[in-house]
Amino acid sequence: MEKIPVFETASEVDQLNGHLMDAIQQVLRSGQFIMGENVRHFEKEAAAYLGVKHAIAVNSGTDALVIALRAAGIGAGDEVITTPFTFFATAEAIHQVGASPVFVDIEEDTYAIDASNIEAAITPRTKAVLPVHLYGHSVAMDELQTIADRYGLKIIEDVAQAFGGEFKHRKLGTIGDAGCFSFFPTKNLGAYGDGGLIATNHDEIAGAAAMLRAHGSRKKYCNEQFGYNSRLDEIQAAILRVKLPYIEEWNQQRRTAAHTYHQLLAGIQGIVLPVEKEHIKHVYHQYTIRVLQGKRDELKEYLAQEGIGTMVYYPRPLHQLPVFGDLQISMPHSEQASHEVLSLPIWPFITREQQSKIAHRIHSFFSK
Ligand SMILES: *Cc1c(COP(=O)(O)O)cnc(C)c1O
């Protein structure tokens, strides 16, 4: 029985063949492992691809969030509005800069923060909104921008799952004041280790971010602030430089795979397929369905027995995590989503045969 993992890298490594090895070997021979020419070039190439003035490479997506928040002037006593239906790092970063996350529930169909609920959560301490483009699908950025403008809030985008995604032909991560990307290996632009990037059109944010990632110094041994040791290393930068030219094609292959799933899974009672909205280019970092009537875990288990990997992103909304104590708030859409979502295998090279097998098993599950 052929197993189908939820994610794999073997096919991309096959496609990139010698290029990856050459790039890695060049770094090894150069003796330059930290902040060398690969990082410099990658920052330029990423900025050009995204259509943004500055790109600052850092050690992870989490660090990108922490450093961007601080560079945007968010700190002790401030409140940052965000979604509880995301990876923990989103809220963790807010806490790490001394601010407090304020959760606003999501839209049912896109899993994105519901912009129409943001206004009610704004207080005099609110300084920023941190939207997350979950699964590769954009937040409603127009509505968000309108509210942010009205209340003078910064927008820091969490683009960890949406490299190359678009809202009205603008790349995600370049619409707000700063965009924070992750190159964690499973992300749609993944390194083979940790990595992250901050994109911004603001000179001051870029300058502050570059300073903070280097121990708070613009000039060596002249530290102005307490910062971080947060650098993308040369090997990861070299790998990302090999992969970046393929991201449009690979995102397109993900979209094609998603459309194949749409067809193969259409008409099954008991699941809800992902939506696509006008003006939004979804990059399908994940293909996430909803499984209704409390059957999610049973379907996951059934597929696992058939050798098919799936994931639950995320089994608990953040406001229910022990770290927040007992918040006594209810976020019904996030809570329901955490019980119903199931992400199916997707990567650019998944084959139609693999997808047919997965769809076939899901059909059999529901006709049992
Ligand atoms: C992966 C992820 C992060 C954190 O990125 P790391 O590179 O793992 O630190 C933050 N937010 C979201 C939504 C993510 O998916």
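**Salt bridges and a helix pair in the predicted model**

Asp297 is exposed, its relative accessible area being 52%, in a structure that is a predicted model. The partner of Asp297 in a salt bridge is Arg296, and the closest N and O atoms of this pair are 2.6 Å apart. Arg296, by contrast, is buried, since its relative accessible area of 5% falls under the 20% limit.

Because Lys281 belongs to strand β13 (residues 280-281) and Glu166 to strand β6 (residues 166-167), the pair ties together parts of the chain that are 115 residues apart in sequence. Lys281 has a relative accessibility of 22% and therefore counts as partly exposed, whereas Glu166, with a relative accessible area of 12%, is buried.

Over the whole structure, the search finds 17 salt bridges. Among them is the one formed by Arg213 and Glu43, in which the closest N and O atoms are 2.8 Å apart. This pair likewise links distant parts of the chain, with Arg213 located in helix α6 (residues 203-213) and Glu43 in helix α2 (residues 37-50), at a separation of 170 residues. Both members of the pair, Arg213 and Glu43, are buried.

A further element of the model is the packing of two helices, α3 (residues 61-71) and α4 (residues 89-96), whose axes come within 9 Å and cross at roughly 40 degrees. The crossing in which α3 passes α4 is right-handed. On the side of α3, the residues that meet the other helix are Thr62, Leu65, Val66 and Leu69, while α4 contributes Ala89, Thr90, Glu92, Ala93, Ile94 and Gln96. Sorted by class, the residues in the contact of α3 with α4 comprise six nonpolar, three polar and one charged.

How values were computed:
Residues are numbered from 1 along each chain as its sequence is written. This is a predicted model: local features need pLDDT of at least 70, side-chain atom pairs count only at pLDDT 80 or more; totals for chains, interfaces and linings use all residues. Side-chain values use heavy atoms; hydrogens and water are left out. Axes are lines fitted to C-alpha atoms, for helices over the stretch in contact, and angles run from 0 to 180 degrees between N-to-C directions. Helices (H or I, at least four residues) and strands (E, at least two) are DSSP runs, numbered from the N terminus. A crossing is left-handed if the near helix is turned anticlockwise from the far one by less than a right angle, and right-handed if clockwise. Contact means heavy atoms within 4.5 Å. Ala, Val, Leu, Ile, Met, Phe, Trp, Tyr, Cys and Pro count as nonpolar, Asp, Glu, Lys and Arg as charged, and the others, Gly among them, as polar. A salt bridge is a side-chain nitrogen of Lys or Arg within 4 Å of a carboxyl oxygen of Asp or Glu. Buried means under 20% relative accessible area, exposed over 50%, partly exposed in between (1.4 Å probe, protein chains only).
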